[in-house]
Amino acid sequence: MPVTTPSRRMELPIVLRKLDVMRTHDVTPRMRRITVAGDQLGSFESGGRTLPAFTTAGCDDYVKLFLAEPGHDPVLPEQHDGHLHWPKKPAPLARTYTVRRFDADAGELDLDFVLHGHGVAGNWARAARPGDVLHLAGPKISTVPPTGVDWWLLAGDDTALPAIARFVESAPGVPVHAAVLVESADEEQRDLPGVTWVHRQAGVPDARVLADAARSIAPDTGQAWMWIAGETGVVRELRSVAKTLGIGKPMLDASGYWRSPDTQRPLGRLLAMREEARESLDVRRRTRVPRTAD
Ligand SMILES: Cc1cc2nc3c(=O)[nH]c(=O)nc-3n(C[C@H](O)[C@H](O)[C@H](O)COP(=O)(O)OP(=O)(O)OC[C@H]3O[C@@H](n4cnc5c(N)ncnc54)[C@H](O)[C@@H]3O)c2cc1C
C-alpha cells in the first residue's frame, strides 16, 4: 500500500528581475498570453550580488508583477540577500500571476492574463506590446503535490486556469479530474486533457455552477487531493464541497486569487457602508443652504 503524504511547500530564493515583453497572443478572447524574456532570466549580477537563474518547480508557482498607473514608473522593492525589502511610502503596486510556462533553453516565460476589463494588471496586459518592460519577482514558494493518493480533483475559475493547465500537463501518472469555470464556450482551452468546462450563467452564482461541476466529476472511492483557486467566494463554496466529499484539511489546498465586490467580508461591507454614509452626510452638509435671518 503506497504511503500517503500531504502536499508541502518548498521555499525558493526570491529575486527581482527586469524583463522585456517578446510577444503577446490571445489564447482565447479573454485570456492573453504574454511572453517575456531577458538576460535576467539567467543568473545575473546586481548590487554586488550574484542572483540565481529563474526557476519554477511547482504547477501553481506564481510571481509578483510590479506595475504602475498610466504615466508613472513602477515602485520597486529592493533586492537583499534571499529576500526583498518592500518600501512603504510609496508602496509598490504589485499583482500576482502564475507561471504558465518557463523554457530555460529558449529563455522565455509565459504568463496568462484574464482580460477582465479593469484593474492595473488587466489593463497592462491589454495594452502590452513587444519591447515593453516588466519587473517581476518570484516564485518564492512552490507546492509539492501529495504522494500516494488515488486521484486529484482540481477546481477553479479562469484565473486558476494557468495553474490547472500546468497540473494536468504534468500530473505524475495520477488520474486528474478538473473543473474550470469560464465565461463561455469560446474560453475553453480544449487541448487540455481531462478538463470539464463550465460556463458562467446569468442569475446563477458562479460558486454554485463550479461546485456542482466539481461534485459531479469526483470519483466515489479512493483517497483524493483537492486543489482549489479562484474568486474568494467561489473558493469558500468549494471548500464545503471538499468537506462533503470527505476530503480533510491535510488533503486540501485552497487559495482565494481575487475578490469580487459582491464577496466582500461582512466587516468590509460594514466599513464600506459606513464610508458611504459619511460621504453622503458630507455632501449634504456641503450642499445645505445657509439659513438667512428674516
Ligand atoms: C497565487 C495567485 C495566482 C494568480 N494567477 C493568475 C493568473 O495566472 N492569471 C490571472 O489572470 N489572474 C491570476 N491571479 C488573479 C489576479 O492576481 C487578480 O485577478 C488581480 O486582482 C488582477 O489585478 P488587476 O490589477 O487586473 O485588478 P485589481 O486592481 O486587483 O481589481 C480591480 C477590479 O477588478 C476586479 N477583478 C480582479 N480580477 C478579476 C477577474 N479575474 N475577473 C473579474 N474581475 C476581476 C476586482 O474585483 C476589482 O473590482 C492570481 C492570483 C493569485 C493570488
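**Entry 1: the second largest pocket**

I started with the second largest pocket, which holds about 350 Å³ of space. I keep in mind throughout that this is a predicted model.

I listed the lining next and got 17 residues. Leu-67, Ala-68, Glu-69, His-72 and Trp-124 are the ones nearest the pocket's centre. By type, I have eleven nonpolar, four polar and two charged residues around this second pocket.

Which element gives the largest share of that lining? I find helix 1 there, with four residues. Helix 1 spans 120-127, and strand 6 (62-67) and strand 12 also supply at least two lining residues each.

**Entry 2**

I looked at the strand 2 side and found five bridges, joining residues 16-28 of strand 2 to residues 133-137 of strand 12 in an antiparallel run. Two pairs went into my notes: Leu-16 faces Ala-137 of strand 12, and Asp-20 stands opposite Val-133 of strand 12.

On the strand 6 side I find three bridges to strand 12, again antiparallel. Leu-65 has Leu-136 of strand 12 as its bridge partner.

Is strand 12 mostly covered or mostly open? I have it as mostly covered, with four of its five residues buried.

**Entry 3: the largest pocket**

I moved on to the largest pocket, with a volume of about 1,200 Å³. I find 45 residues in its lining. Those nearest the centre are Thr-159, Glu-231, Tyr-257, Trp-258 and Arg-259. The lining splits into 17 nonpolar, 14 polar and 14 charged residues.

Why does this pocket lie between domain 1 and domain 2? I checked the lining against the domain bounds: domain 1 (8-142) and domain 2 (144-287) both contribute residues to it, so the largest pocket lies between them.

I also asked which strand gives the largest share of this lining. I have strand 18 (residues 252-258), with six residues.

I find the two strands paired in the parallel sense over six bridges. Glu-231 has Trp-258 in strand 18 as its bridge partner, and I had already listed both residues among those nearest the centre of the largest pocket.

Strand 17 also pairs with strand 14 (residues 151-157), where I count six bridges in a parallel run. One of the pairs I noted is Trp-151 with Ala-224 of strand 17.

How many of the eight residues of strand 17 (residues 224-231) are buried? I get eight of eight, and I note the strand as mostly covered.

**Entry 4: Val-234**

I then looked up Val-234, which I place in helix 4 (residues 232-244). Its relative accessible area is 3%, and the cut-off for buried is under 20%, so I note Val-234 as buried. I also checked Val-234 against Ser-260: they are 26 residues apart in sequence, and I have 9.8 Å between them in space, C-alpha to C-alpha.

**Entry 5: the cavity**

Rolling a probe the size of a water molecule over the atoms shows where empty space is left. I found one cavity of 30 Å³ or more, and the largest cavity has a volume of about 40 Å³.

Which residues line the largest cavity? I wrote down Thr-28, Arg-30, Met-31, Val-114, Asp-158, Leu-161, Val-182, Glu-187 and Gln-189. By type, I have four nonpolar, two polar and three charged residues in that lining.

Terms used. Residues numbered from 1 in each chain as written. Predicted model: local features only at pLDDT ≥ 70, side-chain atom pairs only at ≥ 80, totals over all residues. Heavy atoms only, no water. Pairing = 2+ DSSP bridges. 1 Å grid on protein atoms, 1.4 Å probe; cavity = no way out; pocket = protein on both sides within 12 Å on 5 of 7 lines; lining within 4 Å. Points joined across faces, edges and corners; volume = space filled by probe spheres on them. Nonpolar A, V, L, I, M, F, W, Y, C, P; charged D, E, K, R; others polar. Domains from an automatic or database assignment. Buried < 20%, exposed > 50% of the residue type's maximum accessible area, 1.4 Å probe, protein only.
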